[in-house]
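Subject: Handover of a structure

Dear colleague,

Please find the structure below, together with its sequence. I would be grateful if you read the notes that follow with the structure open beside you.

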Amino acid sequence: MSGAVGSGPQGARTAFAVGGGSTRGDRGTGESGRGGDGGRNGDSGRVVATETGRSTAHDERFGRMVGRSPAMQTVFDMLGKAAPSDATILLEGETGTGKEVSAEAIHKGSPRRDKPFLVVDCGAMPPNLLESELFGHERGAFTGAISSRQGVFEAANGGTVFLDEIGELSIDLQPKLLRVLERREVRRVGTNNHVPVNVRLIAATNKSLREHVAAHKFRSDLYYRLAVVEVKLPPLRERAGDLPLLVDHIVRNLSAVDETTLSVVRSTQFLGALAQHNWPGNIRELRNYLERCVALRDFQAPKAADMISASPESAVNIGQPLREAREGWVSAFEKRYLEELLRVHENRVSAAARAAGVDRIYFYRLLWKHGLRTREPSMREPDDVA
């Protein structure tokens, strides 16, 4: 299934015109750097899928993703086979492993490639706004609804909808999404009329939906409808053999990179130092680190001081169930990360967002999510005001 971008909250959706640009900066971190041929010629070097649906074997690319490790070859083969179909795909993986880049590659390898590719982050807005974003609303449906508007599913006719952080979808919205999957129709907020839609759905999560189902936080029927094809993207620490290929690919896509820089980042000493790092932020962290190295002409190995850490006492609470303790720690870490990043960059949101490797509007939404901002972001807001 697919969907398209309507006229909802600024920054909540992204329309992708194939061959004409790249996806959102906040999620386009999978295996490519900014600029260069990462967006323009991302499919070069790999036949994503033939007309029979068969992907090429032992290739180092799938869309803008690169990798020659067995784990990534398995991922490429699965995505290459699934792309030409209309099957709903669930991508699971840690933050920064390239879920949106994978979704983009699936779309570009499908018959829907010439239609919109729309992205909605289910964790970036409260349920009432997300419902309107997904399904649209009629004029007067709620306070502030001064005109009718389409939701992403209705607006992206013939294309692909990518729902990121699907695990954050509220229990009240889950049956409405299930209806879209089963009956191929949506109902705008404020009306009883149902509108048919023709979209393909790709969903992604950095959590285990199976655990959410077991904890009664996610509907089992919706999970099975989403996981028609389930693909798990490996973390960087499990594909260390891909580091030389990734480093070369990312650095080449940075602007103004000379041969001296390339020789340094390709050296055994530099690559060996990178291999010693655990890369908890995965490809996104690697890309940000390499961009900083090139910008500052400083190719020192990653230092533990570059990461925000918590003491064992604050990181672990054995009085809680594992799932609750983990979710609480992640939330606390995210808020602390945002606060520290803003402090370092003197409350300049654009600079902080660039350092975090995310889009400015998405960064605003994270601030709002953690109570560090009291209102919804606007595209017209000054870039340097937190």
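A polar contact is a pair of N or O atoms within 3.5 Å; within protein, one of them must be able to donate a hydrogen and the other to accept it, and residues adjacent in sequence count only if both atoms are side-chain atoms. The side chain of Asn 282 makes such an approach, reaching the backbone nitrogen of Leu 236 at 2.9 Å.

Please note that this is a predicted model, in which local features need pLDDT of at least 70 and side-chain atom pairs count only at pLDDT 80 or more, while totals for chains, interfaces and linings use all residues. Residues are numbered from 1 along each chain as its sequence is written, and side-chain values use heavy atoms, with hydrogens and water left out.

Asn 282 belongs to helix α11 (residues 282-296); helices (H or I, at least four residues) and strands (E, at least two) are DSSP runs, numbered from the N terminus. Asn 282 counts as buried because its relative accessibility is 0%, where buried means under 20% relative accessible area, exposed over 50% and partly exposed in between (1.4 Å probe, protein chains only). Apart from neighbours within four places in sequence, Asn 282 is in contact with Glu 94, Thr 95, Gly 96, Thr 97, Pro 235 and Leu 236, contact meaning heavy atoms within 4.5 Å.

Salt bridges

The whole structure holds 14 salt bridges, each being a side-chain nitrogen of Lys or Arg within 4 Å of a carboxyl oxygen of Asp or Glu. One of them joins Arg 239 and Asp 242 at 2.9 Å, N to O. Are these two residues buried or exposed? Arg 239 is buried, because its relative accessibility is 2%, and Asp 242 is buried as well, at 0%.

Asp 248 takes part in a salt bridge with Arg 252 (3.1 Å, N to O). Both residues lie in helix α8 (residues 243-252), four residues apart, which is about one turn of the helix. Asp 248 also forms a salt bridge with Arg 266, with the closest N and O atoms 2.6 Å apart. This second pair links distant parts of the chain, 18 residues apart, since Arg 266 sits in the loop between α9 (259-265) and α10 (268-275). Arg 266 is partly exposed, with a relative accessible area of 37%.

Nonpolar cores

A nonpolar core is a set of buried Ala, Val, Leu, Ile, Met, Phe, Trp, Tyr and Cys residues joined through side-chain atoms within 4.5 Å. The largest has 31 residues, and Leu 226 is among those with the most contacts inside it. Several elements each supply at least two residues of this core, including β5 (117-121), α3 (127-135) and α7 (220-226). Which element gives the most to this core? Helix α5 does, with four residues. A second, separate core of 23 residues includes Ala 82, Ala 87, Ile 106 and Phe 162.

Two residues with positive phi

His 216 is not a glycine, yet has a positive phi of about 60°. His 216 lies in the loop between α6 (209-214) and α7 and counts as exposed, at 70% relative accessibility. Trp 279, also not a glycine, has a positive phi of about 50°. Trp 279 is in the loop between α10 and α11 and is buried, with a relative accessible area of 2%.
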